[in-house]
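Please work through each task before reading its solution.

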Amino acid sequence: MARHDITDQIAQGCLMGRARVLTRVLTGIYDEALRPFGIKGSQLNLLAFVAKMEPVRRAEIGKLIHLDPSTLTRNLQVMLTNGWIEEVVDNEDGRGLPLQATAQGRALIEKLGPAWKGAQRKALK
């Protein structure tokens with residue numbers, strides 16, 4: 001009987017499981033709204049973070065937003081390839097070049113603003 005109790009508790013009340021479902025639902029809302037702009041919600045969050053914190057090093061980004069290095073690298077590479085962010089020459093210590101948003105990246109944020117606001121309203125409902 002105890003086995004069923006814990007199974008029920010996990011299936012119905014696990015915070016991690018509920019958060020993962022919520023994350024998938026929210027990701028779908030934002031990704032659908034942003035699809036016409038060629039960017040995913042996770043990439044937009046990263047782009048906005050870089051634009052706000054620039055210049056910022058990759059390690060600092062990963063640490064602050066709790067993103068594993070492989071996911072961070074993959075998303076940053078897409079953004080670099082698309083010209084939304086760029087590496088900044090740094091004479092400090094040679095460890096990973098800092099990143100900043102490009103004019104193209106900032107323009108993208110402005111252009112998709114209304115779509116993001118619509119997704120935000122939908123997500124809040």
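**Exercise 1. Is arginine 106 buried, partly exposed or exposed, and what is its relative accessible area?**

Step 1. Arginine 106 has a relative accessible area of 36%. Step 2. Buried means under 20% relative accessible area, exposed over 50%, and partly exposed in between, with a 1.4 Å probe and protein chains only. Step 3. Arginine 106 is therefore partly exposed.

The model is a predicted one, in which local features need pLDDT of at least 70 and side-chain atom pairs count only at pLDDT 80 or more, while totals for chains, interfaces and linings use all residues. Residues are numbered from 1 along each chain as its sequence is written, and side-chain values use heavy atoms, with hydrogens and water left out.

**Exercise 2. How many salt bridges does the structure hold? Describe each pair.**

Step 1. The criterion is a side-chain nitrogen of Lys or Arg within 4 Å of a carboxyl oxygen of Asp or Glu. The structure holds 2 salt bridges.

Step 2. One of them joins glutamate 54 to arginine 106, with the closest N and O atoms 2.2 Å apart. Glutamate 54 lies in the loop between H3 and H4, and arginine 106 lies in helix H6, so this pair ties together parts that are 52 residues apart in sequence. Helices (H or I, at least four residues) and strands (E, at least two) are DSSP runs, numbered from the N terminus. Glutamate 54 is partly exposed, at 26% relative accessibility.

Step 3. Glutamate 87 forms a salt bridge with arginine 58, and here the closest N and O atoms are 2.8 Å apart. Glutamate 87 belongs to strand E1 (residues 85-87) and arginine 58 to helix H4, so the pair ties together parts that are 29 residues apart in sequence. Glutamate 87 is partly exposed, with a relative accessible area of 40%; arginine 58 is also partly exposed, at 26%.

**Exercise 3. Characterise the packing of H3 with H6 (residues 103-124).**

Step 1. The axes of H3 and H6 are 11 Å apart and the packing angle is about 130°. Axes are lines fitted to C-alpha atoms, for helices over the stretch in contact, and angles run from 0 to 180 degrees between N-to-C directions.

Step 2. Angles under 35 degrees count as roughly parallel, over 145 as roughly antiparallel, 65 to 115 as roughly perpendicular and the rest as oblique. H3 and H6 are therefore oblique to each other.

Step 3. The crossing of H3 and H6 is left-handed; that is, the near helix is turned anticlockwise from the far one by less than a right angle, whereas clockwise would be right-handed.

Step 4. Contact means heavy atoms within 4.5 Å. H3 contributes Leu44, Leu47, Ala48 and Ala51, and H6 contributes Gly105, Arg106, Leu108, Ile109, Leu112 and Trp116. These residues comprise 8 nonpolar, 1 polar and 1 charged. Ala, Val, Leu, Ile, Met, Phe, Trp, Tyr, Cys and Pro count as nonpolar, Asp, Glu, Lys and Arg as charged, and the others, Gly among them, as polar.

**Exercise 4. Characterise the packing of H2 with H6.**

Step 1. The two axes come within 9 Å and cross at roughly 155°. That makes H2 roughly antiparallel to H6.

Step 2. The crossing of H2 and H6 is right-handed.

Step 3. On the H2 side are Leu26, Ile29, Tyr30, Ala33 and Leu34, which meet Leu112, Ala115, Trp116, Ala119, Gln120, Lys122 and Ala123 in H6. By class, the contact of H2 with H6 has 10 nonpolar, 1 polar and 1 charged.

**Exercise 5. Characterise the packing of H3 with H5.**

Step 1. The axes of H3 and H5 come within 10 Å and cross at roughly 80°. H3 is thus roughly perpendicular to H5.

Step 2. The contact is formed by Ser42, Gln43, Leu46 and Leu47 of H3 with Leu72, Asn75, Leu76, Val78 and Met79 of H5. The contact of H3 with H5 has 6 nonpolar, 3 polar and no charged residues.

**Exercise 6. Which peptide bond to proline 55 is involved, and is it cis or trans? Then examine histidine 66.**

Step 1. The bond from glutamate 54 to proline 55 is cis, with omega near -10°. Proline 55 is placed in the loop between helix H3 (41-53) and helix H4 (58-65).

Step 2. Histidine 66 is found in the loop between H4 and helix H5 (69-81). Phi of histidine 66 is near 55°, a positive value in a residue other than glycine. Histidine 66 is exposed, with a relative accessible area of 72%.
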